[in-house]
Amino acid sequence: MEPAGIETFALEREAFIRLGFFAFVFVTMLLWELIAPRRKLSVSKVLRWTSNLGLFLLNIIVLRLMFPAAAVGIAYSVAEREWGLFNLVDWPLWFEIFAAVLLLDLAIYLQHRLMHQMPLLWRLHRVHHADLDFDLTTGSRFHTIEIIISMLFKWGVILLLGPALIAVLVFEVLLNGMAIFNHANVSLPGAIERVVRSLLVTPDMHRVHHSTLVQETDSNYGFNLSIWDRIFKTYTDQPQMGHDAMTIGLAEFRDAKQVDQLPGMLGLPFVGK
């Protein structure tokens, strides 16, 4: 299939491709969690899953209403107008996909750090961190306003870079899948985990980021590639208390009725000073 044909195929089936890959990763990690969970959960799974997945579905509806074309659609518009840095050079498609995925992943890492360091953005992002347990549904738990801001940020990066449509779709599929994988309540065997962690964010690596200890929360920002935390000195190898004893969530929000029920989650950014 020619590059133009690939891009047309990707644009027409963007939602199906993303949903199909997401469902595959979700079911795979769900089975893994059921067979070999890493930690014992402390809150009712029915309560958390109903709320986390309810918020996830709400966000899908809002995004589709506000941004029908999503990130892939804006990439198509940018390509038609030949905007962005990638349209200034004539690279092979495979290399453009590689470079675009790398730069988009860096952009998400930087956005994640901003979510922690800017007080107004942290109010939104703490909905994700307030979950009292850590499993695959945590990876889909983000406040609706944060999701909207994230999409606008992603649009800005795509406008700047002008990557191929297929590159954006590859990145979106990887990002969605990795968000489920590295939030799963599972653990890779020690030797394998160390090898995988050298390139990708593993569940053990990202679990540290969900610690109640601030110095651990403010580390391991990567969602896909682990290299950015190493390059920018935000990498923490292991939690201070160990994976079994560490406390998940935020120290100031420990009431499950507030942080693990949908109304409380939606209102959390507006609580406190």
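How do the residues of the lining of the largest pocket divide into nonpolar, polar and charged?

**Before starting**

The model is predicted, so residues are treated with care: local features need pLDDT of at least 70, side-chain atom pairs count only at pLDDT 80 or more, and totals for chains, interfaces and linings use all residues. Residues are numbered from 1 along each chain as its sequence is written, and side-chain values use heavy atoms, with hydrogens and water left out.

**Stop 1: the whole chain**

Helices (H or I, at least four residues) and strands (E, at least two) are DSSP runs, numbered from the N terminus. The C-alpha trace spans about 50 × 40 × 35 Å along its principal axes. The radius of gyration of the protein chain is 19 Å, which agrees with the value near 19 Å for a compact globule of 273 residues. This radius is taken over C-alpha atoms, and the globule rule is 2.2 Å times the number of residues to the power 0.38. Of the 273 residues, 51% count as buried; buried means under 20% relative accessible area, exposed over 50%, partly exposed in between (1.4 Å probe, protein chains only).

**Stop 2: the largest pocket**

Select Arg18, Phe56, Leu63, Ile147 and Asn176, which lie nearest the centre of the largest pocket among its 31 lining residues. The elements that give two or more residues to this lining are α2 (14-35), α3 (45-66), α5 (93-117), α7 (144-161) and α8 (165-181). The pocket holds about 890 Å³ of space. Its lining divides into 17 nonpolar, eight polar and six charged residues. Here Ala, Val, Leu, Ile, Met, Phe, Trp, Tyr, Cys and Pro count as nonpolar, Asp, Glu, Lys and Arg as charged, and the others, Gly among them, as polar.

On a 1 Å grid over the protein atoms alone, a pocket is an open set of points with protein on both sides within 12 Å along at least five of seven lines, whereas a cavity is a set where a 1.4 Å probe fits but cannot get out; lining residues have an atom within 4 Å of a point. Grid points are joined across faces, edges and corners, and a volume is the space filled by probe spheres set on the points.

**Stop 3: the largest cavity**

Next select Leu104, Ala107, Ile108, Phe153, Lys154, Val157 and Phe171, which line the largest cavity. Both α5 and α7 give two or more residues to this lining. The cavity has a volume of about 30 Å³, and its lining comprises six nonpolar residues, no polar residue and one charged residue.

**Stop 4: the nonpolar cores**

Select Leu104, Met151, Ile158, Val168, Phe171 and Phe223, the residues with the most contacts inside the largest nonpolar core, which has 33 residues. Such a core is a set of buried Ala, Val, Leu, Ile, Met, Phe, Trp, Tyr and Cys residues joined through side-chain atoms within 4.5 Å. The largest share of this core, nine residues, comes from α8. A second, separate core of twelve residues includes Phe26, Met29, Leu136 and Leu188.

**Stop 5: helix α6**

Select residues 119-129. Nine of the eleven residues of this helix, α6, are buried, so it is largely enclosed by the rest of the structure. Among the buried residues are Trp122, Arg123 and His125.

**Stop 6: Ser150**

Finally, select Ser150, which is in helix α7. Ser150 is buried, with a relative accessible area of 16%. Not counting residues up to four places away in sequence, Ser150 touches Gln111 and Met115; contact means heavy atoms within 4.5 Å.
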